[in-house]
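Please read them with the structure open.

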Amino acid sequence: MLATRWDPWTEMNRLSREMDRVFGRRGTGNEMGRPFAAGSYPALNVWEDDDNLYAEAELPGFNMDELEIYVTGNQLTIKGERRPPEHGDGTWHRQERGYGKFSRMIEVPGDVDGDKVSAEFKNGVLHITLPKSEAVKPRRIEVKAN
């Protein structure tokens, strides 16, 4: 069983993160605006082209079989669980990496064809390709002249 050494700075940082989570505040000093709140794990990037929406999630240390991906209409849900590390006997000096279950649901801009969604997991980054439904794809409209 691991023992944990008490560190007042760790407790102050934990309290600060908890206050940020409770009041929905975001961290400072991150120019990309990535939230630090616990409810926004994993960090996601979403972008699109004419045919697809793309989502990338940072999930280092996970295996694809520990993740679940659901798509309903324009909602993308990623679920998973990171198990606590097992290091045998020893003393923790720092334990900042979280573990446990997570679930993140976002709305993507437009409906998705759920039957054609694909995902790839490479180097700790989950890449999801979400084909747009035909109804939301841009179409060229012929203009008729009289």
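1. Which side chain of opposite charge is nearest to arginine 104, and how far away is it? In this predicted model, the nearest one is glutamate 58, at 9.5 Å. Arginine 104 is buried and has no salt bridge; the cut-off for a salt bridge is 4 Å between a side-chain nitrogen and a carboxyl oxygen.

2. Arginine 104 belongs to strand S7, residues 100-107. Its side chain does reach a backbone atom: the oxygen of proline 42, at 2.6 Å.

3. Four strands make up an open sheet in the order S2-S3-S9-S8, paired antiparallel. Strands S2 (44-48) and S8 (118-122) are at the edges with a single partner strand each, so one side of each has no neighbour in the sheet. From one strand to the next, the twist averages 15°.

4. Within that sheet, strand S3 (residues 52-58) and strand S9 (residues 125-131) run antiparallel and are joined by seven bridges. Tyrosine 54 stands opposite threonine 129 in S9.

5. There are three aromatic pairs in the structure. One of them is stacked: tryptophan 47 with tyrosine 54, 5.4 Å centre to centre and 25° between the planes. Tryptophan 47 counts as partly exposed because its relative accessibility is 40%.

6. Another pair, phenylalanine 62 with phenylalanine 102, is edge-to-face, with 5.6 Å between centres and 80° between the planes. This pair links distant parts of the chain, 40 residues apart: phenylalanine 62 lies in the loop between S3 and strand S4 (67-72), phenylalanine 102 in strand S7. Both phenylalanine 62 and phenylalanine 102 are buried. Together with Tyr41, Phe62 and Phe102 form one aromatic cluster.

Conventions. Residues are numbered from 1 along each chain as its sequence is written. This is a predicted model: local features need pLDDT of at least 70, side-chain atom pairs count only at pLDDT 80 or more; totals for chains, interfaces and linings use all residues. Side-chain values use heavy atoms; hydrogens and water are left out. Helices (H or I, at least four residues) and strands (E, at least two) are DSSP runs, numbered from the N terminus. Buried means under 20% relative accessible area, exposed over 50%, partly exposed in between (1.4 Å probe, protein chains only). Lys and Arg count as positive and Asp and Glu as negative; His and the chain ends are not counted. A polar contact is a pair of N or O atoms within 3.5 Å; within protein, one must be able to donate a hydrogen and the other to accept it, and residues adjacent in sequence count only if both atoms are side-chain atoms. Two strands pair if DSSP finds at least two bridges between them. Axes are lines fitted to C-alpha atoms, for helices over the stretch in contact, and angles run from 0 to 180 degrees between N-to-C directions. Rings of Phe, Tyr and Trp (its six-membered ring) pair if their centres lie within 6.5 Å; planes under 30 degrees apart count as stacked, over 60 as edge-to-face and the rest as tilted.
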